[in-house]
Structures are given as C-alpha cells and as structure tokens.
2 protein chains.
Amino acid sequence: MSQVTIIGNGHMARAIAVRMIHARHSVQILGRDGERTRELVEDLGAGATGGGEEAVIEGGIVILAVPYEEAVRVVLLYGETLAGKVVVDISNPVNLADFDSMRTPAGSSAAEQVALHASKGALVVKAFNTCFAATLEAGHVAGQPLDVFIAGDSQDAKLKVSAVVAASGLRPIDVGPLRRARELEAMMLMLMGLQVDPSHENFNWDTAIKLLP
Amino acid sequence: MSQVTIIGNGHMARAIAVRMIHARHSVQILGRDGERTRELVEDLGAGATGGGEEAVIEGGIVILAVPYEEAVRVVLLYGETLAGKVVVDISNPVNLADFDSMRTPAGSSAAEQVALHASKGALVVKAFNTCFAATLEAGHVAGQPLDVFIAGDSQDAKLKVSAVVAASGLRPIDVGPLRRARELEAMMLMLMGLQVDPSHENFNWDTAIKLLP
C-alpha cells in the first residue's frame, strides 16, 4: 500500500514524488491524462505506481498537486473516500494574468476553500505552496534543506506531513492553523511576481525562500 | 545635511541607523522621548544627530521607525513638510495580542494607510518590515546580506531607497507597487507568530527571511 497518493502529474507532482521516493515512501500518482501519468511513473521508477482518477486512493496522505480550482473539483470528486485522510493543498491561487490579485474569495485562502468543499472527515493541511518545483525536486538551495511551511487545524495531520517532509530531507515549519494559508499564499503572490519580472534576472523559478539561520 | 531622517528611537530605529552610518550616510534621529533619542545618538557616534519631533526634517529619505498607528500620526503631524520626500513605512500592523489578525482595514496595508494620510507629495515606500532588528543591525544572516523587500508606486523613490539599502550592505528587492505591502505585511503575521511560539525554540527574533540562491 502506498503511503502517499499524489493527485496530478505536472512539475509539482514530480518534484514532490521525487522527494518522497528519495525518503523511501511509496507513491501513487493519479492523473486525468493517462499518458503523462504513465510517463511520470516510469521516470520515478521503483516506489511509484499510477492510475486514473477512478482508482482507489491508497495513501493515508493525499497531496493535491493541481491548481486551486482543480483541487476543489478533486475533493468534491473523491467525497467521503477522503474521510480520515490527510489532504494536502499546495496551490497558489494567484491570478496568472497580472500576478496582482487572488482567485480566492477575499478573507479566505485556497486551503480553506478546499477544506470547505472536502468531506468533513478530511484533515486538510497547507504545505509546499512556497516551494518552486525545480528547487523542491533538488531538495536543497544554496546547500541547505528547503523550508516547507505547514498550516492546518489538525495537529495530528500536521505531524504526519511534517514527518514525511523531514524524511524527504526538507525542513518542516508548522506555522499554525489552516487560516495561516492566507499569509502563505499572499507571500507567493509577491514571490511569483518576482519570478516573472524580467528586471529580476536572477529570479527564474529556481529560487527558494528560507528562514535563516 | 543628513541624507536620512529616522523618526523613532527604538530597536528598529537603532538597527537601521547602524546600517546607514556603516554606509557613511549621515542620520538624523527624531524622537518624542528626548532622553532615549540622546542615548541612541550618543551610541551611534559620528554621523548621527538628534532632535525632538518639532525639529526640521533634514533627510530626503524619512524612515518611520515607529508602530503603524504612530506612523499615521507622524505623517499627519509633519503634513506638507513631507512633500517631495521619500517616506518609508517599516511597520507590521499585526495584532500583538494573538498574532492572528491585522490592525489595518481589510484589503489594505499599513503602507497604504500611511500614504492615504500623508501629504499628496510624499513618496511612500514600504521597506524593512520583513527584517527583525537584531539581524538587521548585524546586516547579514548565515553569512549572507539581508534581503530588504521594497514596494512603492514611485520608481524614483524605490531607486533612492534601494541605493541606500545596497550601500548599507543589504540586498534590495523591488517587489512592485505599494499595494504589495499587503503581502509583505501578511508574511510577517506568519513569521512573527513563529518567533513567539515556544515550540519553535530556534526562532527567537534573530532570524531573517532570504530568497535563495
């Protein structure tokens, strides 16, 4: 049985899967595009299995490695099968047209919207949204482990995610309740805007934010 | 004539003044508490002068090293004398009772509120709010220059602040218009909450946030 199920087969799904397999967790990749999912599973090699959206979720931790609106669709789709599971929202609902506003309702966050639409028994956690795929896949930046900021209302769920993050060679930092996702997401409105600004020639999605020392 | 005027005489005023004097800028410290102001000016030594709130502002850059509500009071107090000057808001309007909410109106920021109450001709810039006093005074963290995120609607004003920041041995990062202060301040709601959480024993106001590499 897989310990972690990842919904999605894009850059973030790949980066997270690489870290998890590095930590000897088995990973189940579920995606809508069967070919992309198969390619990713083959690339990942031993420890990875794949399937379509209709497959049974095997992981106790389910990582929604998809955009915000997809994350909401996915928790509605899986409904009660998510009860008792840790559901990780990694999304950044930044308007990609202008990097100047959010796609979420004011005074909320993607993670809270996902929790609102998920089964009551799902333990929703925010994590990985402050990581970019390239540095996350590498696991370190400037010789130091990446910081993974984690927010959630279930202490038990956060401990489970923190354990997997730490085993993956990253540094988990518990930042408090799920509503702290508002600040974690706001941070990325600013940071993603920097990455796309041509005047910042050194910021090309290969950066990472670290709390030092 | 001082190039930089700092309003306030607390830890952040000291840290910023130390960096500026290190950069051979002359600094004028204006504070309400005459004794604290005199002590700070004496500690800073050559390059620093002091005065009360009634003194004439000498700097072309005016740094409001005071809490949010004080920053609003100060721009109202100085009124038209701030026209043409670069006014830097460094405040974090985090509710210090719970580190869970902001003291600013929803959908705004301390910097935007300061700009709203300042003379029309004042060029308001957000900077230094993501720095804690101890690491800012040192100027570096883990062997690397501190990042200073800068937001503002006047490109000229941001260039002036960036030049002083760079000369002070810090790394200026222009993050866009003044409304990006919302995200810079939100970030600190999260980060200040970490510093006061006893479970994070390594985060005791001596950290700094860096964009790596």
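**Where the two chains meet**

Mentor: Gladly. In this predicted model, S11(A) is joined by 5 bridges to strand S11 (residues 208–212) of chain B, and the two strands run antiparallel.

Trainee: How many residues does each chain bring to the contact, and how much area do they bury between them?

Mentor: Chain A gives 31 residues and chain B gives 31 residues. Carbon and sulfur atoms account for 70% of the buried area, and the total between chain A and chain B is about 2600 Å².

Trainee: Which residues of chain A lose the most area to chain B?

Mentor: Three residues together make up 24% of what the chain A side buries. They are A:Met190, A:Leu211 and A:Leu212.

Trainee: How many residue pairs are in polar contact across the interface, and which element gives the largest share of the chain A side?

Mentor: The rule finds 9 residue pairs in polar contact between chain A and chain B, counting pairs with both residues at pLDDT 80 or more. On the side of chain A that touches chain B, the elements giving two or more residues are strand S10 (171–176), helix H7 (181–196) and strand S11 (208–212). The largest share, 9 residues, comes from H7(A).

Trainee: By class, how many residues on that side of chain A are nonpolar?

Mentor: The side of chain A that touches chain B has 8 charged and 4 polar residues. The nonpolar residues there number 19.

Trainee: How many salt bridges are there between chain A and chain B?

Mentor: One pair to look at is A:Arg180 with B:Asp100, whose closest N and O atoms are 2.8 Å apart. Over all chains the count comes to 30 salt bridges. Between chain A and chain B, the count is 4.

Trainee: Why does the salt bridge of B:Arg179 with A:Asp100 join two chains?

Mentor: The closest N and O atoms of B:Arg179 and A:Asp100 are 2.9 Å apart. B:Arg179 lies in the loop between strand S10 (171–176) and helix H7 (181–196) of chain B, while A:Asp100 lies in the loop between strand S5 (86–89) and helix H4 (110–117) of chain A, so the pair joins two chains.

Trainee: Through which surface do the copies meet, the same or a different one?

Mentor: Of the interface residues of chain A, 100% are also interface residues in chain B. The copies therefore meet through the same surface.

**Backbone details**

Trainee: What kind of peptide bond joins A:Leu212 and A:Pro213?

Mentor: A:Pro213 lies in the segment after S11 of chain A. Omega between A:Leu212 and A:Pro213 is about -5°, and B:Leu212 and B:Pro213 also have an omega of about -5°. The bond between A:Leu212 and A:Pro213 is cis.

Trainee: Where is B:Arg24 found?

Mentor: B:Arg24 has a phi near 65°, a positive value in a residue other than glycine. This residue is in the loop between helix H1 (11–22) and strand S2 (27–30) of chain B.

Definitions and conventions
Residues are numbered from 1 along each chain as its sequence is written. Chains are lettered from A and ligands numbered from 1 in the order in which they are written. This is a predicted model: local features need pLDDT of at least 70, side-chain atom pairs count only at pLDDT 80 or more; totals for chains, interfaces and linings use all residues. Side-chain values use heavy atoms; hydrogens and water are left out. Contact means heavy atoms within 4.5 Å. Buried area is the accessible area (1.4 Å probe) that two parts lose on being put together, summed over both. A salt bridge is a side-chain nitrogen of Lys or Arg within 4 Å of a carboxyl oxygen of Asp or Glu. A polar contact is a pair of N or O atoms within 3.5 Å; within protein, one must be able to donate a hydrogen and the other to accept it, and residues adjacent in sequence count only if both atoms are side-chain atoms. Helices (H or I, at least four residues) and strands (E, at least two) are DSSP runs, numbered from the N terminus. Ala, Val, Leu, Ile, Met, Phe, Trp, Tyr, Cys and Pro count as nonpolar, Asp, Glu, Lys and Arg as charged, and the others, Gly among them, as polar. Two strands pair if DSSP finds at least two bridges between them.
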